[in-house]
Amino acid sequence: MGYKTIKQNARTEIVEKRSRFIASAFRVENQHEVDYFLNEVRKEFYDATHNVYAYTYGIEYPIQKYSDDGEPQGTAGLPVMEVIRKNGLSNVLVVVTRYFGGILLGASGLVRAYTQAAAASIEKAGILEYHECEKIIVTLDYPNFEKIRWLIEKTNAKILGIEYSQVVDIIVLVRVEDVESLIKNISDVTAGNFLVERKGLFLEAI
């Protein structure tokens with residue numbers, strides 16, 4: 001089971017009819033991290049009109065929550081959550097801080113502003129996709145090494161390390177769905193003159 005999250009924490013700002021919308025996106029793994037970043041934003045922008053937020057964490061059994069923080073119901077927290085959902089993200093908190101500029105935006109204007117602010121912060125943060133991968137160790141002789149390294153590098157795989165002795169051990173992380181085809185291709189190229197050791201499953205961004 002894979003998942004997507006943001007690459008890094010990020011902050012952006014938009015202005016809509018003199019209201020400032022400052023969007024802060026954070027990677028989070030648990031409620032403790034959610035609470036920490038939320039409190040940090042609230043302290044930093046203690047004089048803001050609203051600190052709207054939405055978050056989700058957990059892969060198999062995700063926790064999701066959002067808050068309008070005093071904005072009209074459905075105009076703030078839910079639009080931010082919808083941006084997270086549409087991007088298919090997990091383990092992310094987005095806080096959109098608003099400083100009221102004196103001009104009412106109306107319900108549709110609020111939805112649009114919060115949506116744009118949240119989307120901008122996620123775009124700046126970037127998206128990282130994690131896949132279920134298997135770690136394997138491929139052992140082969142030197143004449144086959146360069147051909148097999150090239151073969152691995154053009155697959156959805158990552159070479160973690162290479163160990164040289166009387167033979168070559170290539171330590172590889174490969175997406176689960178590509179493992180069998182990679183092993184078959186290695187077998188074809190080496191005419192079966194190789195060994196493979198399977199070391200278990202991991203979630204990795206490759």
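Author: A polar contact is a pair of N or O atoms within 3.5 Å, one able to donate a hydrogen and the other to accept it. The model discussed here is predicted.

Reader: What makes Asn-30 a cap of the N-terminal end of H1?

Author: A side-chain oxygen of Asn-30 lies 3.2 Å from the backbone nitrogen of His-32. The cut-off for a polar contact is 3.5 Å, so the pair at 3.2 Å qualifies, and Asn-30 caps that end of H1.

Reader: How do you know that the length of helix H1 agrees with its number of residues?

Author: Helix H1 comprises the 14 residues 31-44, and at 1.5 Å a residue these should span 20 Å. The end C-alpha atoms of H1 are 20 Å apart, and therefore the two values agree.

Reader: Which residues of H1 are buried, and why are they said to line one face of the helix?

Author: Val-34, Phe-37, Leu-38 and Val-41 are the buried residues in H1. Viewed down the axis of H1, the buried residues fall within an arc of 100°, and so they line one face. The face turned away from this buried side carries His-32 and Lys-43, which are exposed.

Reader: Against what do the buried residues of H1 pack?

Author: They pack against four strands: S2 (10-16), S3 (19-27), S4 (50-57) and S6 (92-99).

Reader: Why is S6 called mostly covered?

Author: Eight of the eight residues of S6 are buried, and buried requires a relative accessible area under 20%. In a regular strand, side chains alternate between the two faces of the sheet. In S6, Val-92, Val-94, Val-96 and Arg-98 are buried on one side, and Leu-93, Val-95, Thr-97 and Tyr-99 are buried on the other.

Reader: What makes S6 a paired strand with S3 and with S4?

Author: Pairing requires at least two bridges. S3 and S6 have eight bridges, in the antiparallel sense, and S4 and S6 have seven, also antiparallel. Each count meets the requirement of at least two, and therefore both are pairs. Among the facing residues, Phe-26 stands opposite Leu-93, and Ala-54 has Val-94 as its bridge partner.

Reader: Where is Thr-75 placed, and why does this residue count as buried or exposed?

Author: Thr-75 belongs to the loop between strand S5 (63-67) and helix H2 (77-86). Its relative accessibility is 4%. Buried means under 20%, so Thr-75 counts as buried. Apart from neighbours within four places in sequence, Thr-75 is in contact with Asp-68, Ala-107, Leu-110, Val-111 and Tyr-114.

Reader: What lies 2.6 Å from a polar atom of the side chain of Thr-75?

Author: The backbone oxygen of Pro-72 lies at that distance.

Key
Residues are numbered from 1 along each chain as its sequence is written. This is a predicted model: local features need pLDDT of at least 70, side-chain atom pairs count only at pLDDT 80 or more; totals for chains, interfaces and linings use all residues. Side-chain values use heavy atoms; hydrogens and water are left out. The expected span of a helix is 1.5 Å times one less than its number of residues. Buried means under 20% relative accessible area, exposed over 50%, partly exposed in between (1.4 Å probe, protein chains only). The arc is that of the directions from the helix axis to the C-beta atoms. Contact means heavy atoms within 4.5 Å.
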